[in-house]
Amino acid sequence: MTTREHIVATATDMFISQGIRSVRMDDIARQCGVSKRTIYEIFKDREELIGESMRHHAIQSHTQSEQVAEGAENVLHAFWLTFTNGNRFCKGNNTIIDELRRYYPQVMEQLMIDIHEAVVAHTRDKLSEGVADGLIISDLDLDFFSRALTNYVYGLGIISANTHTTGVVITDQTMPTAVLVFLRGISTEKGRRYIDENLLINNK
C-alpha cells in the first residue's frame with residue numbers, strides 16, 4: 001500500500017466512524033503516522049482527500065454488495081440478495097451524505113456523477129446477463145432500463161433518507177420488494193415465474 005492509499009483508507013475509516021466535519025487533517029496525519037505537510041504534498045486540499053475517501057468507500061460498499069450476491073442462482077436472485085442487504089448499507093451512509101450535501105456540495109456532485117455512471121454500467125451488465133439467461137425481455141433498450149432502475153433505486157434512497165418529510169419508512173423488506181416489482185415488469189414469463197415462486201414469496 002502506498003502512502004497515498006494508506007492515507008485514503010485511514011481517512012475513509014475515520015470519516016465514516018466519526019463524521020466528516022469531526023475529523024481534522026491533524027487527526028488523520030497523527031493516525032497515519034505522517035506529517036500534515038505530507039498529506040498536503042499528496043492532496044491539494046481537504047476536499048480532494050474527502051472526494052477520494054468517499055470514492056474509496058463507494059468501492060468498498062460495491063465490493064460488499066457483490067460478496068453478498070455470490071452464489072446467487074441467477075441475476076434476479078442476485079438483485080434480491082443485494083437489495084435485501086442494501087438498505088442496511090444505505091442507513092449507514094445517510095449521515096455522510098447529509099454532510100457532503102451541506103458542507104461539500106462540489107465533492108457530492110462529482111461523487112454522484114462518478115458513482116452513478118459506474119452503477120448504471122454494472123446494472124446494464126446484470127440485465128444483459130438476465131437476457132442471456134432468458135429471464136429479462138430480450139428486445140429492451142438496456143441502456144434506458146439500466147438508468148431507469150438506477151434512478152428508481154436512488155429515488156427510494158432519497159425517500160428513506162427523508163422520512164421526516166415524506167412520512168414513508170423504507171424497511172428491510174420494502175427495498176428488495178420494490179426492486180423486484182420493477183424487475184418483474186421487464187422479465188420474461190420465465191423470469192416472472194421465478195420471482196413469484198422463489199423471491200416475492202420469501203419476502204412476505
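So, start with Ser-146: it counts as buried because its relative accessibility is 1%, where buried means under 20% relative accessible area, exposed over 50%, and partly exposed in between, with a 1.4 Å probe and protein chains only. Before I go on, the caveats: this is a predicted model, so local features need pLDDT of at least 70 and side-chain atom pairs count only at pLDDT 80 or more, while totals for chains, interfaces and linings use all residues. Residues are numbered from 1 along each chain as its sequence is written, and side-chain values use heavy atoms, with hydrogens and water left out.

Back to our serine. Ser-146 sits in helix H7; helices here are DSSP runs of H or I with at least four residues, strands are runs of E with at least two, and both are numbered from the N terminus. Setting aside neighbours within four places in sequence, Ser-146 is in contact with Val-120, Thr-123, Arg-124 and Leu-127, contact being heavy atoms within 4.5 Å.

Now compare Gly-71, in the loop between helix H4 (46-68) and H5. Gly-71 counts as exposed, because its relative accessibility is 75%.

The C-alpha trace spans about 60 × 40 × 25 Å along its principal axes, and 40% of the 204 residues count as buried. Of the contacts between residues at least 6 apart in sequence, 68% join residues at least 24 apart.

Next, the cores. In soluble globular proteins, nonpolar side chains tend to be buried together. A nonpolar core here is a set of buried Ala, Val, Leu, Ile, Met, Phe, Trp, Tyr and Cys residues joined through side-chain atoms within 4.5 Å. Which members of the largest one touch the most others? That would be Leu-76 and Leu-183, out of 26 residues. Helices H5 (75-103), H7 (142-161), H9 (174-185) and H10 (189-199) each supply at least two residues of this core. Apart from it lies another core, of 22 residues, including Val-23 and Phe-43.

As for Leu-76, leaving aside neighbours within four places, its contacts include Leu-135, Leu-180, Leu-183, Tyr-194 and Leu-199. That's my tour; questions welcome.
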